[in-house]
Amino acid sequence: MIRLTDAPFDAGAELTRFAEGRTVTGAVASFLGLARGEAGAPAALELEAYAGFPESQIAAFVETAVDRFALHDARIVHRIGAIAPGEAIVLVLTAATHRRAAFEACDYLMDYLKSQAPLWKKEFGAGGPRWVEPTARDFADLGRWR
Amino acid sequence: MTRVLLFGRLADLAGWRDRTLTAEPGTLGELRQILAAADAALGEALGAAGVRAAVDKVLVTGDLALTPGAEVAFMPPMSGG
């Protein structure tokens, strides 16, 4: 359900596997987050994790999404360690009977990951290394679900 | 022996991220005092808004008793996704 990996992953293969063999699911939604540049300059990222901790924290939160949106299944693949510009950082997959629940659960899980999952993102941009912290917008996004 | 883990900017500030103390603090509050006595800037950063603590991989709030050999993590605001 949750996979942390320090190597690039194949989002297409993950989606194919996730959607395979389903008979009652009518909708699979996906979100893929990429390491992007700032002001035209690509920035490398480093994702720090507390070994053994994010998996259990994220899994507990995924359970709330499964209950709230009546999901059939959900999967999160998240990179840790060094990430090059343009590489995928995170993939969220949700499966439900209808599209609305699948879309909303994807959105909900991403809002959680941005400020509540025990991961720390360091950006190596033109201005030197910088620890990224959640923005007011990230907290406002999370607040939409309360 | 209490093991202390620091993450993100807290580790950069302290200059270490994993340390086992010879002291055996009885509570989380005592541990904070020990860390602050050794490094005032770190002590202040640990008490700042948004910094969370986990004891043996469980998020905690406020003060609580620590068992011998506890693993305590101090975590700045999280930024995954």
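Guide: In this predicted model, the contact between the two chains takes 21 residues from chain A and 14 residues from chain B. On the side of chain A that touches chain B, the elements that give two or more residues are helix 3 and strand 7 (119-125) of chain A, and the largest share, 5 residues, comes from helix 3 of chain A. Sorted by class, the residues on this side of chain A divide into 12 nonpolar, 5 polar and 4 charged.

Helix 3 of chain A (residues 99-116) also packs with helix 2 of chain A (residues 53-69), at an angle of about 155° and with the axes 10 Å apart. Since angles over 145 degrees count as roughly antiparallel, these two helices of chain A are therefore roughly antiparallel to each other, and their crossing is right-handed. Helix 2 of chain A brings A:Phe61, A:Val62, A:Ala65 and A:Phe69 to this contact, while helix 3 of chain A brings A:Ala101, A:Glu104, A:Ala105, A:Tyr108, A:Leu109 and A:Tyr112. By class, the contact between these helices has 9 nonpolar residues, no polar ones and 1 charged residue.

Turning to chain B, we find that B:Leu28, B:Leu31 and B:Leu35 are buried in helix 2 (residues 28-38) of that chain. Seen down the axis of helix 2 of chain B, its buried residues fall within an arc of 55°, so they line one face of the helix. These buried residues pack against strand 1 (2-6), helix 3 (40-46), strand 3 (52-55), strand 4 (58-60) and strand 5 (71-75) of chain B.

Key: Residues numbered from 1 in each chain as written. Chains lettered and ligands numbered in written order. Predicted model: local features only at pLDDT ≥ 70, side-chain atom pairs only at ≥ 80, totals over all residues. Axes fitted to C-alpha atoms, helices over the stretch in contact; angles between N-to-C directions. Helix = DSSP H or I, 4+ residues; strand = E, 2+ residues; numbered from the N terminus. Parallel < 35°, antiparallel > 145°, perpendicular 65-115°, else oblique. Left-handed = near helix turned anticlockwise from the far one by under 90°. Contact = placed C-beta atoms within 7 Å. Nonpolar A, V, L, I, M, F, W, Y, C, P; charged D, E, K, R; others polar. Buried ≥ 20, exposed ≤ 12 C-beta atoms within 10 Å, placed from the backbone. Arc of directions from axis to C-beta.
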